[in-house]
Amino acid sequence: MPALLLIIVSLFNELSAPAMPPALPQPAVEYVKSEAMIPMRDGVKLYTQIYAPKEQEQDELPILFLRTPYGVTNPDGEFTTHFATTFRELAPQRYIIVVQDARGRHKSEGQFIWNRPVTHRDDPESVDESTDAWDSIDWLVKNVPRNNGRVGMLGVSYPGWYVAMALVDPHPALKAASPQASPSDYFMGDDFFHNGAFRLSPSAELPYLFDFDPKTNAKFPYDQVDVYEFFLDLGPLSQMNERYMKNASPTWNSFMAHATYDEFWEAGCTLPQLTEVAVPTLNVVGWWDAENLGGALDLYARLETLDKRDLNRLVVGPWFHGQWSRGPGDRLGEYEFGGDLTAYYQQKIEALFFARWLKDETAEELPEATMFQTGSNVWKTYDAWPPRVGVAPKELFFHADGELTSNPLAADEKSVATYVSDPAKPVPYSKRPIQGFWQGLKDSHDPRFDRAGRLWKVEDQRFIADRPDVLNFTTEPLAEDLELTGAIAAKLFAATTGTDADWVVKLIDVYPEDYPDRPEMGGYQLMVADDVLRGKFRRSMKRPEPLTPGQVEEFTIDLRTRNHLFRKGHRIMVQVQSSWYPLIDRNPQTFVDIPQAKAEDYRPAEQRVYCSLEYPSRIEFTVAEAAASGD
């Protein structure tokens, strides 16, 4: 006899997003819980909780399915978190809700392997996350009473990746999928590497989460409040295994053994495994997602190249990682959205998407791309992302005196801006003290614990603007609005006295000093886009090459896409620096295998950014020629 649990879902969220009417309150729905150990093709069984409406009667209902490595229950053993977040607006609409512990995690059997490669196509006897999704869906539609044979999957972050894996070879019953903030290539632009640069703090914390105790979500044992100081005191990366991992973490060992884009990363890359779009897919992410913005955008782009039936959709809001699922809905740090965008998304986008494909309910088809425009706080829709029409290229050139202009540089202008990058004094990525990247996300009452994982993307960048190892290039106040819509890239012509260098570039919206609407925001420096390139990977992620001291080279830093309105009277700023700590590990600035680097390999270097007719360092982006449709 299955265990029974009544979950009363009574959720009342008034919609206050721009130009949208209030939502009607949803009736209370009682859910009955049962449990199952679902067998996979290799005999391993996965722990699964199934929630069906108590008053289902003879109705046949679709299944909503979430797979997670983080545990289906909270520490008290009850399933409440997902009803209050992921299923907050979906549960009142009467679905059969299923949540499963992934293979090797918590109450499920088997071995958990982080970023497990797809193997079943070459070896039909093998298992991977695609086969586990297929087998689970097959069991659910055959064994759960009164289901209508249709399954929708959704999930944020790693659970979002499980959705992407289900799309590799989708079960025929999978009728709607929403990979949200899903990683897709961990070396290029997700949690652990960005363009060859190692993301230190999140990468140190992951092994404790996954490798040491499969039944818990353990935390890294930081013994200092400020992880900036902790990692500096730790020294070279080799000390991590000696002092903390004890060579017992397969994940950390993989990071250290594969510091270039080799067969390990190629095997784990999701994108080439996706070969068709057979399932309606809703890709979701936030502009200020500090973990998987790049992965989610790349996943959408990959699916778009395969989408012959117009089933692929994209939604991007002004959110941190997963904020559209759990809130708060109206702001991120000091940045206010102008309405409850969590409610807006869950009620007006996500709920309608699943109702359309799982229940045949009449709903207007979603636009190709629904993109929140930061700066103006309005939703805009597009026929393609990035837009192919209605946009024009724009360049802003760096000047050695700190100006940023659209004018060509004068032939006799001073041509070089310089700074010294010292690995012993790296530029912090957030205001200190910096907490662990994921350590304190539940302690949201303390703003210090929010900054590392959530708020640093929207912090006022004035906290580092006066450092001598940060270059600032700034326009005059804008005479009219400028609507950035699409791709952004920085082109640096630079040289170093070392044999390797990191180049961090940030695009910033500088508010006017006199800002009557919110005086406390006067002069605020809001980061709009950011990323890093490790210099030795400038030509190839597979074959790093040393830099030649003193030799000017071109470096392209891809800042991906954004949708932002720089308002009249605001200024545009670009910051350039060579460290971003401890988000990114310290570059020794010598050409070495960084996981094996010794303390003496870390050396200061003079960085030279050229600003001349011959070497025109600049920021390139696209701007809207005409307004896109807005809600």
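Contact here means heavy atoms within 4.5 Å. Helices (H or I, at least four residues) and strands (E, at least two) are DSSP runs, numbered from the N terminus. The model is predicted: local features need pLDDT of at least 70, side-chain atom pairs count only at pLDDT 80 or more, and totals for chains, interfaces and linings use all residues. Residues are numbered from 1 along each chain as its sequence is written, and side-chain values use heavy atoms, with hydrogens and water left out.

**Exercise 1. Describe how α4 packs on α7.**

Step 1. Two packed helices are described by the angle between their axes and the distance between the axes. Axes are lines fitted to C-alpha atoms, for helices over the stretch in contact; angles run from 0 to 180 degrees between N-to-C directions.

Step 2. For α4 (residues 200-210) and α7 (residues 250-257), the angle is about 145° and the axes are 7 Å apart.

Step 3. Find the contacts. From α4 come L200, S203, A204, L206 and P207; they meet T251, W252 and F255 of α7.

Step 4. Sort these residues by class. Ala, Val, Leu, Ile, Met, Phe, Trp, Tyr, Cys and Pro count as nonpolar, Asp, Glu, Lys and Arg as charged, and the others, Gly among them, as polar. The contact of α4 with α7 has six nonpolar, two polar and no charged residues.

**Exercise 2. List the buried residues of α7 and of α3, and what covers them.**

Step 1. Set the cut-off. Buried means under 20% relative accessible area, exposed over 50%, partly exposed in between (1.4 Å probe, protein chains only).

Step 2. In α7, T251, W252, S254, F255 and M256 are buried. Their cover includes β8 (193-194), β9 (197-198), α4, α6 (238-245) and α8 (263-268).

Step 3. Helix α3 (residues 158-166) is mostly covered, with nine of its nine residues buried. They are Y158, P159, G160, W161, Y162, V163, A164, M165 and A166. The cover of α3 includes β4 (61-68), α2 (129-143), β6 (147-156), β7 (174-180), α4 and α9 (293-306).

**Exercise 3. Trace the open sheet that contains β21.**

Step 1. Two strands pair if DSSP finds at least two bridges between them.

Step 2. Four strands line up as β19-β24-β21-β22, with antiparallel pairing. At the edges are β19 (470-474) and β22, each pairing on one side only. The twist averages 20° from one strand to the next.

Step 3. Count bridges. β19 and β24 (residues 571-577) run antiparallel and are joined by five; F473 has V574 in β24 as its bridge partner. β21 and β22, also antiparallel, are joined by nine. V510 stands opposite Q525 in β22.

Step 4. β19 is largely enclosed by the rest of the structure, because four of its five residues are buried.

**Exercise 4. Characterise the largest cavity and the second largest pocket.**

Step 1. A cavity is a set of points where a 1.4 Å probe fits but cannot get out; a pocket is an open set with protein on both sides within 12 Å along at least five of seven lines; lining residues have an atom within 4 Å of a point. Grid points are joined across faces, edges and corners, and a volume is the space filled by probe spheres set on the points.

Step 2. There are nine cavities of 30 Å³ or more. The largest cavity holds about 130 Å³. Its lining has 18 residues, and H194, D289, K457, D530 and D531 are the closest to its centre.

Step 3. β23 gives the most, three residues. By class there are six nonpolar, four polar and eight charged residues.

Step 4. Turn to the second largest pocket, with about 400 Å³ of space. It has 21 lining residues; K348, E364, E365, L366 and P367 are the closest to its centre. Helix α11 (residues 341-359) supplies the largest share of this lining, seven residues. The pocket lining has 11 nonpolar, three polar and seven charged residues.

Technical notes. On a 1 Å grid over the protein atoms alone, a cavity is a set of points where a 1.4 Å probe fits but cannot get out, and a pocket is an open set with protein on both sides within 12 Å along at least five of seven lines; lining residues have an atom within 4 Å of a point.
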